[in-house]
Amino acid sequence: MTASRPRYGSLVSTIGAIVLVVAVFLPWYGVSFTAHGLALAQQAGEGFAAQFGNAALQERVASSHADLSALAGHEFLAVSAHQALSRINVVLLVLGGLACAVALVALADPSALADGGRSLLSLLASVAAACVVYRMVERPTPEGEVLSLSLREGAWLALLGCAAVLFGALLSARSARTPAEPSTAATNAAWAGLSGWTPEG
């Protein structure tokens, strides 16, 4: 039972690394118009209608103000980290790939994941989590304040993947420090050495 515990930690880290890589291609931000952007669109429409349109077009543009105002804050597009982030997406892919490779090696051979391997997994997960949190707080800002970005499920899944990699590394480290239960033969030998008495089967 004890020998299988490091495998659980490696399996959790592997799944977490895969989730992190997949999350890079999932929607991170929802794109919507701001009230300022819609006001600019209304002004541009009114200017165009006044200069080039007839009375019917001007009346239609004026009547569309209420419909445009209702669009403020409504998401009309979703973008992934791969689309919106030019550098951090590559960093996350590299970190997730390295974490997955280390965890797979440990999953195949638990003895191969020494303290250095667990420390490497923890470092990779921590750096990736810092990048994700940074881009969750400091979102890409569209020019002109016409559009606004809201968080989508991809960013949260990426953060969950980082947490899983870190948790798996800590679970493996804890299991490695847990001493194995002594066997019955070893216990009997210890008693015999201390007291000279050997328990009968």
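Let me start with the ground rules. This is a predicted model, where local features need pLDDT of at least 70, side-chain atom pairs count only at pLDDT 80 or more, and totals for chains, interfaces and linings use all residues. Residues are numbered from 1 along each chain as its sequence is written, and side-chain values use heavy atoms, with hydrogens and water left out.

First, the layout. The protein chain has nine helices and three strands. Those come from DSSP runs, numbered from the N terminus: helices are H or I with at least four residues, strands are E with at least two. Along the sequence, the pattern reads α-β-α-α-α-β-α-α-α-β-α-α.

Now some totals. The chain holds 201 residues, and 30% of them are buried. Here is the scale: buried is under 20% relative accessible area, exposed is over 50%, and partly exposed is in between, using a 1.4 Å probe and protein chains only. The accessible surface of the chain is about 12000 Å², and carbon and sulfur atoms hold 65% of it. Such areas come from the Shrake-Rupley method with a 1.4 Å probe, and for residues only the protein chains shown count as cover.

Next, contacts, meaning heavy atoms within 4.5 Å. Take the contacts in the chain with a separation of 6 or more: 85% of them join residues 24 or more positions apart.

On to the inside. In soluble globular proteins, nonpolar side chains tend to be buried together. We call such a group a nonpolar core: buried Ala, Val, Leu, Ile, Met, Phe, Trp, Tyr and Cys residues joined through side-chain atoms within 4.5 Å. Which residues touch the most other members of the largest core? Out of its 30 residues, they are Trp28, Leu92 and Val132. At least two core residues come from each of helix 1 (5-23), strand 1 (27-33), helix 6 (88-108), helix 7 (115-137) and helix 8. Helix 7 gives the largest share, eight residues.

Look at Leu92. Setting aside residues up to four places away in sequence, Leu92 touches Leu20, Val24, Trp28, Ala128, Cys131 and Val132.

Then there is Asn89, in helix 6. Is Asn89 buried or exposed? Asn89 has a relative accessible area of 4%, so it counts as buried. Its side chain makes a polar contact with the side chain of His82, at 3.4 Å. A polar contact is a pair of N or O atoms within 3.5 Å; within protein, one must be able to donate a hydrogen and the other to accept it, and residues adjacent in sequence count only if both atoms are side-chain atoms. Beyond four places in sequence, Asn89 touches Val24, Ala81 and His82.

Now helix 8, residues 153-177. Gly154 sits in this helix. Its relative accessible area is 0%, so Gly154 is buried. Gly154 and Phe25 are 129 residues apart along the chain, yet their C-alpha atoms are separated by 7.6 Å.

Leu159 is in helix 8 too. Leu159 is partly exposed, because its relative accessibility is 25%. Leaving out neighbours within four places, Leu159 contacts Ala129, Val132, Val133 and Met136. From Leu159 to Val132 is 27 residues in sequence and 6.3 Å in space, C-alpha to C-alpha.

Let's move to the surface. Ile18, Val22, Leu26, Leu157 and Leu160 form a nonpolar patch there, with about 390 Å² of accessible area together. Patches use residues with over 30% relative accessible area and no salt bridge: like charges are joined within 9 Å, nonpolar side chains (Val, Leu, Ile, Met, Phe, Trp, Tyr) within 5 Å. Helix 1 and helix 8 each supply at least two residues of the patch. Ile18 lies in helix 1, and it is partly exposed because its relative accessibility is 43%.

Last, charge. Side chains of opposite charge can pair when their charged atoms come close. A salt bridge is a side-chain nitrogen of Lys or Arg within 4 Å of a carboxyl oxygen of Asp or Glu. How many does a search of the whole structure find? One. Glu153 pairs with Arg152, and the closest N and O atoms are 2.9 Å apart. Glu153 is partly exposed at 36% relative accessibility, and Arg152 is partly exposed at 22%.
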